[in-house]
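The following exercises are to be worked with the sequence and the model at hand. Each task is followed by a solution in steps.

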Number of protein chains: 2
Amino acid sequence: MSEFDLIRRHFSAVGSRRTDVSLGVGDDCALLRVPQGQELAVSIDTLVAGVHFLPDCDPEGLGHKALAVGLSDLAAMGAEPAWVTLALTLPDADEGWLRAFSRGFARLAHRHGVALVGGDLTRGPLSVTAQVQGLVPEAAAMRRRGARPGDLICVSGTLGDAGLALRRLGAGESISEYLRDRLERPTPRVELGLALRGAATAMIDLSDGLAADLGHLLAASEVGAEIRLPDLPLSPEIRDRLATDADWDLPLASGDDYELCFCVPEQARARMGTLAERLGIGLRVIGRIRPGKGLRCLLENGSTWEPPRAGYNHFPDAG
Amino acid sequence: MSEFDLIRRHFSAVGSRRTDVSLGVGDDCALLRVPQGQELAVSIDTLVAGVHFLPDCDPEGLGHKALAVGLSDLAAMGAEPAWVTLALTLPDADEGWLRAFSRGFARLAHRHGVALVGGDLTRGPLSVTAQVQGLVPEAAAMRRRGARPGDLICVSGTLGDAGLALRRLGAGESISEYLRDRLERPTPRVELGLALRGAATAMIDLSDGLAADLGHLLAASEVGAEIRLPDLPLSPEIRDRLATDADWDLPLASGDDYELCFCVPEQARARMGTLAERLGIGLRVIGRIRPGKGLRCLLENGSTWEPPRAGYNHFPDAG
């Protein structure tokens, strides 16, 4: 069986049908129609076995996550997901593995009305690259740049769950279903991103950890910030862990949260409460944008916590 | 140094500036504007070390080729290249390697007015995934489907050069500069693809070898074909080799040609000659579309040659 047969068998029914796809999988290119007045938002991400996930992880979860990380990027711009391409590199053509992977990928694609329009299947060390494409009305996209002194800093969901899951798995411990889901099946905050159009002054998705990603937003906006660590949204398991060792790097710097961090003017505070209720998502104000530079993380007693300067670094040795 | 610093250092000046890029590298997504009346053509391809290229190959050539294979797909649709995203997975952050890779990538991007608008740099086994995006007026794209009985089958350039280069390198032999260039720096036939808009009834790019790729075109068009092997366009080195061993699988099935194979009505024959002269590209009529199914390859003496049924198969063992 060739890669063409494998693609046909496992990926032909993936995702949604869309009328804006003139030509889908099976030619040299897909052909897509972008409506007038809309901009195209694109993002590409690679997940590598042994770096971003454990080689023996649940393939259905990996299929989900390969798409979720891209949808999270679209969410952070306020873009509506439309199309995705998938480049899959596999050590061998394990049909059971492919079936589970494509099921996880397809389910999430379908939930967000995303069509798989192209791909590449090659043999090699296990890795997955997905490029998502979304649509956003001209000038409506939210960027990392745009936060102003006085703006409230908000975060969706909870922080540190995936990080705790990874630490426990790395130590050979078992993890709760909740933590496993947070690690393997993150929920991209697409509806929230769309709802924040016209409201957020700046936004970023949290993939490298709050400290690093909020740092990118601050640098792009040329402002500083102060956040109150007791106000961070935390699940019960993270609260328990912090009660034991008070290691705030867990929610600040362990990454893989796939929540949104965004800024709104003070007068939008009440609206955030209404929005959280309507979407059924936690939304927490964790601090405020300040003039100047840098991020200050305040503990309960008023002293500061120094998170690591960067998130996960792929190339710590490079000069 | 983090991957962000590496990206900034080596990729910020890659490619061309374009006024249709609202937001380039450095946010969660790039934002792009597709002009009214144009469709978006997209294609994603992965090159894996040890599968598509030798791990110690010239990185400048690899940068060139990573983009060239995608541009060749755009050419095959008659699309004009516009933007590219690049996902690069590296075992380590070798700055000399990165500099050479980005130089090769940038030079080709610049030649075709392509802007690098996003990417991902991760640590892992060496591989490169690029997604190209191009523009083509609505309904003007050429597809694999559309060839009609009686149409002439044409091929650009020469066939089998990259295949011979790979065979010789695999046998530890040295190769000529010409063969090395054909293997490592294929020329995507972008101008030819654009010039064929409205002329070709069907088109495909040759990445898996003429027999397999023309086979895809025939299957999509629901027609058969007859080609005359003595009419295949061959470089002197391939001619010499064939004079020795008469192995026609070399030009038919060794792949990596990145030439265009397309069909035109009989009355366009003269126009093909003019076009070849204007573009300075070889264009050769190699056969004709027939009713029915399948590809017949005729030798000089009128007997037939059976090429392998498929091109390079990544998963020959899969059930």
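## Two domains in chain A

The centres of domain 1 of chain A and domain 2 of chain A, taken over C-alpha atoms, are 26 Å apart. This is a predicted model, in which local features need pLDDT of at least 70 and side-chain atom pairs count only at pLDDT 80 or more, while totals for chains, interfaces and linings use all residues. Residues are numbered from 1 along each chain as its sequence is written, chains are lettered from A and ligands numbered from 1 in the order in which they are written, and side-chain values use heavy atoms, with hydrogens and water left out.

**Exercise 1.** Describe the interface of domain 1 of chain A and domain 2 of chain A.

*Step 1.* Locate the domains. Domain 1 of chain A spans 3-137 and domain 2 spans 152-298; such bounds come from an automatic or database domain assignment.

*Step 2.* With contact taken as heavy atoms within 4.5 Å, 23 residues of domain 1 of chain A touch 18 residues of domain 2 of chain A.

*Step 3.* Find the buried area, that is, the accessible area (1.4 Å probe) that two parts lose on being put together, summed over both. Here the two domains of chain A bury about 1600 Å², and 59% of it lies on carbon and sulfur atoms. Of the area that domain 1 of chain A buries against domain 2 of chain A, 28% is supplied by A:Lys65, A:Ser72 and A:Ala76, more than by any other three residues.

*Step 4.* Look for charged pairs. A salt bridge is a side-chain nitrogen of Lys or Arg within 4 Å of a carboxyl oxygen of Asp or Glu. Three are found across the interface of domain 1 of chain A and domain 2 of chain A. A:Lys65 also meets A:Asp256 in a salt bridge, at 2.9 Å from N to O.

*Step 5.* Assign the surface to elements, where helices (H or I, at least four residues) and strands (E, at least two) are DSSP runs numbered from the N terminus. Helix 2 (59-77), strand 4 (80-90) and strand 6 (127-137) of chain A each supply at least two residues of the side of domain 1 of chain A that touches domain 2 of chain A. The largest share of that side, 11 residues, comes from helix 2 of chain A.

**Exercise 2.** How many residues of chain A are in contact with chain B, and how many salt bridges join the chains?

*Step 1.* The contact involves 71 residues of chain A and 71 residues of chain B.

*Step 2.* About 5700 Å² is buried between chain A and chain B, with 55% given by carbon and sulfur atoms.

*Step 3.* Six salt bridges are counted between chain A and chain B. B:Asp27 and A:Arg144 form a salt bridge with their closest N and O atoms 3.6 Å apart.

*Step 4.* On the side of chain A that touches chain B, strand 3 (residues 38-48) of chain A gives the most, with nine residues.

**Exercise 3.** Which residues of helix 5 of chain A are buried, and against what do they pack?

*Step 1.* Buried means under 20% relative accessible area, exposed over 50%, and partly exposed in between (1.4 Å probe, protein chains only).

*Step 2.* In helix 5 of chain A, A:Leu179, A:Arg182, A:Leu183 and A:Glu184 are buried.

*Step 3.* These residues pack against helix 2, helix 4 and helix 8 of chain A. Helix 5 (177-184) is, in turn, among the elements that cover the buried residues of helix 4 of chain A.
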